[in-house]
Amino acid sequence: MATTLRAAPPAPARRRRGRSPYPGWFYLPAAVIYGVLFLVPTVASFYFALTRWTIFSSEFIGFDNFVQFFREPALTKGFVNTFIYAALTSGAKVVLGLALGMLLTSQILGRGYLRAVVFFPVLVSTVGVGITFQVLMNPSKGAINAALGFIGIDGPGWLVDPSIALLSVALVDVWKGVGLATLIYMAGIVSIPKEYYEAARVDGAGSWTLFRNVIFPLSWPATSTVVTLSLIGGLRSFDLIWSMTRGGPGFTSDVIASVIYKQYQAGFYGLSTAGNVILFIAVIAIVLPLTRLLARKEVEL
Amino acid sequence: MSSTVTPPTPSVAGTGPAPVPTTVPPAGRVGGARSALYRYGVGSLAIVVSVVVFLVPFAFILLTAAMDATQASEFRFAWPRNFQLWDNVVQVLQTRDYILVIAFINSVVLTLVSVTALVVLGSMVAFVLQRRVSRWTGLINFLVLTGLIMPPAIVPTIWVLQRFGLFATMPGLILVEIAFGLSFTILLFRAFISTIPKELDEAAVLDGAGPLRLFFRVVLPLLRPVMVTVILVQSVAVFNDFQNPLYFLPGDAGATVQLTLFNFQSQNLSSYNLLFTDILLITIPMLLLYLFFNRQIVAGLTSGAVKG
């Protein structure tokens with residue numbers, strides 16, 4: 001694919017149109033970098049996933065890597081967790097982003113401050129956020145459980161309890177990412193023509209009706225963007241999980257991306273690449289139908 | 001439809017009149033006890049919640065960064081017994097022969113070069129892609145979307161980089177960041193370019209401008225609003241990136257700030273004050289960028305991402 005992109009556009013364009021104001025060679029530098037460092041590895045991964053591979057030599061072993069991936073509980077757990085993590089984080093970002101988006105576009109005290117403070121975590125280093133919350137979520141000494149203890153609640157073991165470690169990381173992911181979702185919703189809500197509000201008001205619509213019939217449906221493009229972006233991000237999420245739990249305790253908070261890294265570190269390049277191919281397939285299987293569904297809903301309005 | 005009609009739901013109705021989020025809607029619509037209750041009641045509640053949820057973690061970073069090592073290891077949210085922020089900063093910078101200073105330089109070079117390349121190359125592609133429909137347009141659009149959706153194949157990328165002798169080098173990592181960031185950049189630019197009338201191009205061409213002059217002198221300056229968005233989004237992504245440097249730039253010599261932070265965490269768990277000083281230091285560039293561009297973020301996004 002890379003070669004066709006690189007070679008084809010300039011020649012016919014220049015010959016046919018003389019001096020086109022939109023020359024094909026404008027694609028060239030981007031196409032070379034993208035082709036060599038994204039497309040070639042992506043295509044190559046489908047072959048290397050079927051091999052036992054040390055960077056220098058590869059031996060074809062068929063689907064053994066995939067069989068192993070779904071047979072070892074540690075790897076399967078990462079597969080399941082990826083979907084839980086992505087669904088939870090993107091669901092929470094839609095709900096909270098919409099709520100905050102409405103709140104922060106209304107006439108509310110301290111609106112400028114609130115907008116700034118909600119958005120700021122988006123800009124902070126993920127590793128930094130991970131380390132900070134790892135300390136705050138410390139089960140015995142951490143500030144969160146200290147505060148909970150102060151009001152008489154026995155705080156959970158956040159990152160050390162195998163049953164909730166993944167959820168704790170997802171919670172921090174939402175904390176860090178909700179600002180972007182809010183921003184997208186704010187942009188969507190303010191672009192709703194004000195005639196709709198006025199019409200609803202004349203009809204005597206209550207706040208719930210207004211939300212159900214005006215704000216929610218008319219900010220659907222924003223919902224669509226938030227769902228798609230947060231799912232794409234959630235399915236490949238690595239930085240936060242790796243800096244907070246390294247997939248632990250045990251492998252209970254592993255996701256496909258952390259499995260890929262662990263297998264890479266251990267020198268199982270073929271298996272690591274198989275994990276990558278599984279991640280591709282998971283992403284395509286979820287994101288493509290979903291974007292189509294979201295787009296169809298938009299047309300129906 | 002005049003403002004004398006009392007809004008039945010002052011809470012949500014207030015969202016309507018605002019043309020852009022940064023401007024305050026006309027004050028005429030706010031009136032009556034309910035809207036005052038909303039404005040001040042819900043507003044104060046939101047401020048209190050935001051302080052607990054968002055400000056306390058940042059205050060915790062700041063306070064811990066100013067503590068001595070003993071107090072920092074208690075993990076408590078407290079005022080530093082010995083306020084030694086400056087000492088900690090000096091100590092962090094000197095750690096392992098100024099590795100953090102080197103990492104800072106590396107991260108800044110990485111961010112500057114790859115974001116500049118993304119802006120130039122991405123806008124060139126977006127311009128031609130939006131303006132000229134040819135039989136390649138469909139394929140190129142497909143490839144752009146693929147790049148946005150598909151996670152990169154990691155070990156095969158290392159394999160390619162090694163073939164070119166670029167593995168574990170800064171130019172290699174820069175090229176990787178460009179390759180992975182192109183799709184989103186192109187989408188943002190393309191959505192914005194579609195709002196620039198084509199007549200402008202034709203006028204420039206009639207005046208004798210070649211493709212290069214047309215693009216760099218006429219079109220590119222008009223892309224300023226979306227360029228700010230692209231620069232901000234990609235700078236944050238590249239500067240804060242952890243996964244790509246971890247894979248493609250291993251070793252201390254070329255470490256980026258995110259890698260040094262991660263290594264600090266793995267190695268000296270005893271000195272949490274230094275760890276948090278490091279977090280504080282590497283947050284400052286992004287904070288400055290944000291303060292600089294705060295107002296333009298929303299404007300850029302409304303004109304780009306959501307419509308696209």
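Contact here means heavy atoms within 4.5 Å. In this predicted model, 106 residues of chain A and 114 residues of chain B take part in the contact between the two chains. Together, chain A and chain B bury about 10300 Å², and carbon and sulfur atoms account for 74% of that area.

**Chain A side of the interface**

- The residues of chain A that lose the most area to chain B are Y22(A), F26(A) and Q107(A), which together make up 9% of what that side buries.
- Helix 3 of chain A, residues 28-48, gives the most to the side that touches chain B, contributing 14 residues.
- Sorted by class, the side of chain A that touches chain B consists of 75 nonpolar, 20 polar and 11 charged residues.

**Polar and charged pairs across the interface**

- Polar contact, by contrast, is found for 20 residue pairs across the interface of chain A and chain B, with both residues at pLDDT 80 or more.

**Chain A as a whole**

- The secondary structure of chain A comprises 15 helices and 2 strands.
- Chain A has 301 residues, of which 57% count as buried.
- Of the contacts in chain A between residues at least 6 apart in sequence, 66% join residues at least 24 apart.

Note on methods. Residues numbered from 1 in each chain as written. Chains lettered and ligands numbered in written order. Predicted model: local features only at pLDDT ≥ 70, side-chain atom pairs only at ≥ 80, totals over all residues. Heavy atoms only, no water. Buried area = accessible area lost by both parts, 1.4 Å probe. Polar contact = N/O pair within 3.5 Å; in protein donor to acceptor, adjacent residues only side chain to side chain. Helix = DSSP H or I, 4+ residues; strand = E, 2+ residues; numbered from the N terminus. Nonpolar A, V, L, I, M, F, W, Y, C, P; charged D, E, K, R; others polar. Buried < 20%, exposed > 50% of the residue type's maximum accessible area, 1.4 Å probe, protein only.
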